[in-house]
Amino acid sequence: MKIDGVFSGGGVKAYAFVGALKSIETNTLQLERVAGTSAGAIVASFVAADYSTDEINEMLGELDLKELLDPPWLSKLIPFSKWFFLYFQLGIYKGDKLEQWLYRQLAKKNIYTFHDLQPGYLKVIVSDLSLGKLVVIPDDLKRIYNIEPNYFPISKAVRMSAGFPYFFMPKKLPGKSNNKSIIVDGGLLSNFPLWVFENSNNRSDRPILGVKLSDTVEKQHPQKDIKNAFDMFLALFSTMKQAHDTRYISKSYDNHIIFIPVEDIGTTDFQINEETKGLLMESGMKSADHFLKHWPK
């Protein structure tokens with residue numbers, strides 16, 4: 001059966017998606033259109049590029065996450081200078097290595113821009129801080145920025161969606177005015193864009209299956225105790241990420257969502273070992289297997 005898939009953000013926890021994809025494949029479900037935010041956008045781009053689950057598994061298995069961390073050369077010589085870059089460049093790492101890695105992997109399938117995919121088969125969510133807008137790439141590029149969507153690099157779109165605030169330096173997009181927009185992680189405004197394939201009648205062309213790296217809405221853990229300004233900042237950011245999507249899920253069909261509990265692993269923990277990666281994949285497969293026994297209803 002042909003379905004559309006939507007993948008949430010979750011940083012390095014995205015290894016759990018590999019297990020879920022394996023289960024989807026085993027249950028003879030074929031992903032047509034795909035969408036995602038942040039880490040979910042990375043996986044969605046590989047699916048759209050026609051990578052098989054085994055190929056994605058091999059690709060991520062060979063990846064050393066630490067190689068994607070690229071601080072400016074000055075901060076390597078003077079460690080304290082990273083706070084300078086955080087203040088003035090709004091991030092610690094440039095994110096160029098992540099974009100280059102994405103470019104190389106997609107190029108292996110001769111995929112470079114959205115022109116190389118079937119129209120509408122990949123949607124990437126980003127957040128425009130300058131305009132205060134949630135942006136769907138490629139759909140909104142022409143309307144908001146007067147940028148030709150067909151020839152926009154997919155690796156750039158996915159890198160922008162994965163631009164975790166203060167961790168990676170934000171990207172900029174030229175707009176219709178002289179000012180450039182600051183673009184960050186799509187998860188800031190929609191970490192789980194389950195709505196993205198609905199048409200004007202709030203219906204979809206085919207069944208939509210969401211894969212979310214968290215517990216169910218009812219089981220989500222409350223914020224930790226807020227004891228200082230830093231705790232409050234983290235709580236504010238977490239609340240912003242969850243509020244929009246949680247309200248949407250609670251009002252719609254959460255029986256179309258595979259929830260994968262991965263709360264004990266940090267989103268930006270690029271130091272995770274092979275055992276943890278394996279456990280994430282196993283968790284993704286088990287959660288998907290359990291869910292897909294009774295889906296679609």
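A: A crossing is left-handed if the near helix is turned anticlockwise from the far one by less than a right angle, and right-handed if clockwise. Helices (H or I, at least four residues) and strands (E, at least two) are DSSP runs, numbered from the N terminus. The model shown is predicted: local features need pLDDT of at least 70, side-chain atom pairs count only at pLDDT 80 or more, and totals for chains, interfaces and linings use all residues. Residues are numbered from 1 along each chain as its sequence is written, and side-chain values use heavy atoms, with hydrogens and water left out.

Q: Which hand does the crossing of H6 and H8 have, and at what angle do H6 and H8 pack?

A: Two packed helices are described by the angle between their axes and the distance between the axes. Axes are lines fitted to C-alpha atoms, for helices over the stretch in contact, and angles run from 0 to 180 degrees between N-to-C directions. Helix H6 (residues 96-107) packs on helix H8 (residues 154-161) at about 140°, and their axes are 9 Å apart. H6 is therefore oblique to H8; angles under 35 degrees count as roughly parallel, over 145 as roughly antiparallel, 65 to 115 as roughly perpendicular and the rest as oblique. The crossing of H6 and H8 is right-handed.

Q: Which residues make the contact of H6 with H8?

A: Contact means heavy atoms within 4.5 Å. H6 contributes Leu98, Glu99, Leu102, Tyr103 and Leu106, and H8 contributes Ile154, Ser155, Lys156, Val158 and Arg159. In this contact of H6 with H8, six residues are nonpolar, one is polar and three are charged. For these classes, Ala, Val, Leu, Ile, Met, Phe, Trp, Tyr, Cys and Pro count as nonpolar, Asp, Glu, Lys and Arg as charged, and the others, Gly among them, as polar.

Q: How does H2 pack against H8?

A: The angle between H2 and H8 is about 155°, with the axes 7 Å apart. H2 is therefore roughly antiparallel to H8. H2 passes H8 in a right-handed crossing. Ala41, Ile42 and Ser45 of H2 meet Ile154, Val158 and Ser161 of H8. This contact of H2 with H8 has four nonpolar, two polar and no charged residues.

Q: What are the angle and the axis distance for H1 and H3?

A: H1 and H3 pack at about 165°, and their axes lie 9 Å apart. H1 and H3 are therefore roughly antiparallel to each other. Their crossing is left-handed. Tyr15, Val18, Leu21, Lys22 and Glu25 in H1 meet Thr53, Asp54, Ile56, Asn57 and Leu60 in H3.

Q: How many cavities of 30 Å³ or more does the structure hold, and which residues are the closest to the centre of the largest cavity?

A: On a 1 Å grid over the protein atoms alone, a cavity is a set of points where a 1.4 Å probe fits but cannot get out, and a pocket is an open set with protein on both sides within 12 Å along at least five of seven lines; lining residues have an atom within 4 Å of a point. Grid points are joined across faces, edges and corners, and a volume is the space filled by probe spheres set on the points. The structure holds one cavity of 30 Å³ or more. The largest cavity has about 340 Å³ of space. It is lined by 22 residues, with Gly11, Val12, Ala39, Ile42 and Phe270 the closest to its centre. H2 gives the most to this lining, with three residues.
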